[in-house]
Protein chains: 2
Amino acid sequence: MERLLGAELKQHVGERVTVAGWVHTLRLLGKVNFLRLRDRSGIWQVFFEKDETSQLDGLAPESVVTIEGTVVAESQAPGGVELHQPVVTVLSPVTEGLPYPINKPELAVHLDTFLNHAGIGLRHPKKQALFRLSAGVMAGFRATLDRLGFVEVTTPKLVESATESGANVFALNYFGRPAYLAQSPQFYKQTMVGVFERVYEVAPVFRAEPHATVRHINEYVSLDAELGFIRDHQDVMAVLTEVIKGILAHLQTHCAADLAALGVTMPATPDTFPQLYFPAAQQLIYEQHGEDCRGEPDLAPQHERWLGEWARATYGSDFLFVTGYPMAKRPFYTHPNPADPAYSNSFDLLFRGTELVTGGQRLHRYADYLAALAARGMSPEPFAGYLEVFRYGMPPHGGFAIGLERFVMQLTGAENLRETTLFPRDLNRLAP
Amino acid sequence: MERLLGAELKQHVGERVTVAGWVHTLRLLGKVNFLRLRDRSGIWQVFFEKDETSQLDGLAPESVVTIEGTVVAESQAPGGVELHQPVVTVLSPVTEGLPYPINKPELAVHLDTFLNHAGIGLRHPKKQALFRLSAGVMAGFRATLDRLGFVEVTTPKLVESATESGANVFALNYFGRPAYLAQSPQFYKQTMVGVFERVYEVAPVFRAEPHATVRHINEYVSLDAELGFIRDHQDVMAVLTEVIKGILAHLQTHCAADLAALGVTMPATPDTFPQLYFPAAQQLIYEQHGEDCRGEPDLAPQHERWLGEWARATYGSDFLFVTGYPMAKRPFYTHPNPADPAYSNSFDLLFRGTELVTGGQRLHRYADYLAALAARGMSPEPFAGYLEVFRYGMPPHGGFAIGLERFVMQLTGAENLRETTLFPRDLNRLAP
């Protein structure tokens, strides 16, 4: 008999059917006995008469079974149906206790313990919901950029030189010579603007940063986009705004049940996201909170929180662009603000008071690259392969990168990036 | 004035408009002078009167320009329109010669030379078409599996143990201890079957194989899928058949012009792909070609070609499943054929006589894993993290992996995998 999903049962009331899945819970009360079966469509109820329960002897939660039964309408049961007269076949028996229970409404377990047995813990319905959202973020990102004429690219993660910064890259032996794991597809996505004008990539990036915070891991998924023929960073910000809205719309259309299960409050997104120029943001903080960070080259997390509150109160927006970060704190390929060259045509997008996206306009003329490297005392020689394309015609361009796990963290209010990463990698964790 | 794409010009005949792109070709004949401008929508013609050509002085191909002009219907021009009375603004001038010309109908350059300057060479229209197909293959893969209820996952590429085989992995120093680059998401995608039943991943994999052939590179994109609640590998093959057809249908719908530009003959795909059991395939080769490979543990490339020809001649199919590869040649997690346990419930899918996909049913019971490892003299200890999920209920499952670059190679008839990889990595090449 073809297996049905639990979600299909309500179309088969009165029929004899077969379902399959995991034993989620067992309630054996003698006269009234229930098994709840979990499959990819949800959790479903099977009713056992007392003399039918011997089939369940020795069967621990997470056992994998198929159950043949008769579909009966039952308003108290999940989905309004349950199976009666069950015949259970065990596909994979479980005979030992789980590392921690995964059949309670909440998964109450210490994060480290959870992660040590992530392959089991991820089966919890709320964890499933979280990572379906993660898949939805990727799908929404791609769908929006496809619509805007972007082409998906796949660029190498094994690279010859420690690109953006010399530090914080993982090194390895590549057939006898050094290679590095890409920190970002930055150089390649710029190169590909010369080919397709508009490109995106969804791929892992690697950061050998030896710090242990709730907001940093050493391998994550970067949602990268880059586009040519822009006027300046404002065109990049306009595309990013469409992408953010496209992702949220995709989630509302495709992941509504998961958003509800996780109690997600969807972010407030006005037509255009408010923006503040970097020095104006510092001035605002000084005026509103008395903290004088004017002239500092960067914003502290508390500053970002204050700015987030301001955007929410003033514009009803959970998103805020801060533009014009000082050139001194941005990488050499950053395009300066022509009218105010100590500041850059770059931006961060704050989401609920925390940085989510970094982006900006890049230099596009070869001579400007040579000058920018010289001004920083850097040799162009290690960048020769990258710089070649700027000798042969690159349009004004820019782009951005969104951290997938951070997006889901900030959307769902998770407290640790490790909660929104399937199998996180950090200073202390390389398995499972 | 807002920039128009060349493809939009035909809706603006008689209007003054602005386009932007790269100077693809210049034909300055004195009285009749043409510039062909390349943008992401194609190649478009701009007509210059003799007294207008001074704007082009010193402008080499690949210069990036915007051109204001009047749209005139012209049946001889690409797209049936050209621009007249042009006013050229240079965004990025090119003043030196290209490493090789990229404005001829064919890119006639040695592969190594091409790859040394791939950032430029990829701008050639046929290269663009090739890598739009590559993007289309990924999109078709995802769209098909989304429709079939699969969930996209992102699993770590930094792993603790050299998983499937001890050899051929890249090792690196991970904060003072060894780590490896994942050869495949195999263990993680199996683990995630326990969570979502059906999962896929599109991500790079890394193989430290020190051989230099036209069919091997050291980093490639793997299109991985894995599904639970199967009867055996035949269910996996049925999903793979849908995926192959879904990808091809996606390309025909979304990349028709690129397929035409590259002269691609679409593969012949009968309703179900023919299949041969491994010993029967060897018997067929013996009978038809007199070569006795019966009893050998694997097929040689010439054997696969013969089988491909046979499938084409007998079933009108460019695809052929070979099932039941000997257990001895398959990894320890492979499920044996219960009726013939020296052979496995695995398969290769040959595409035009060359292996494109490998897949099969996996073991799903913990005791079977322990027995399989013991039979191979392998310790279960390094696999403890992976094996844990099998102690807690895994359904019968299986999956497959398609090499993205190989798919495009075999579809387009490219002679070297490096032609269908944006920035290939091999024994000798780590840049650009």
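## Chain A

Chain A of this predicted model has eleven helices and 17 strands. Helices (H or I, at least four residues) and strands (E, at least two) are DSSP runs, numbered from the N terminus. The C-alpha trace of chain A spans about 85 × 60 × 40 Å along its principal axes.

Of the 432 residues of chain A, 48% count as buried. A residue is buried if 20 or more other C-beta atoms lie within 10 Å of its own, exposed if 12 or fewer, and partly exposed in between, with C-beta atoms placed from the backbone. Among contacts in chain A with a separation of 6 or more, 64% are between residues 24 or more positions apart; a contact requires C-beta atoms, placed from the backbone, within 7 Å.

## Numbering and confidence

Residues are numbered from 1 along each chain as its sequence is written, and chains are lettered from A and ligands numbered from 1 in the order in which they are written. Local features need pLDDT of at least 70 and side-chain atom pairs count only at pLDDT 80 or more, while totals for chains, interfaces and linings use all residues.

## Interface

In the interface, 68 residues of chain A are in contact with 68 residues of chain B. Helix α4 (residues 186-196) of chain A supplies five residues, the largest share of the side of chain A that touches chain B. That side divides into 39 nonpolar, 13 polar and 16 charged residues. Here Ala, Val, Leu, Ile, Met, Phe, Trp, Tyr, Cys and Pro count as nonpolar, Asp, Glu, Lys and Arg as charged, and the others, Gly among them, as polar.

## Core

The largest nonpolar core has 235 residues, and A:Val322 and B:Val322 have the most contacts inside it. Such a core is a set of buried Ala, Val, Leu, Ile, Met, Phe, Trp, Tyr and Cys residues joined through C-beta atoms within 7 Å.

## Sheet and helix in chain B

Eight strands of chain B form an open sheet in the order β7-β11-β12-β17-β16-β15-β14-β13, with mixed pairing. The edge strands, β7 (151-152) and β13 (275-277) of chain B, each pair on one side only; two strands pair if DSSP finds at least two bridges between them. Strands β15 (residues 346-351) and β16 (residues 354-362) of chain B run antiparallel and are joined by six bridges.

Buried residues of α5(B) include B:His233, B:Val236 and B:Leu251.

Technical notes
Contact = placed C-beta atoms within 7 Å.
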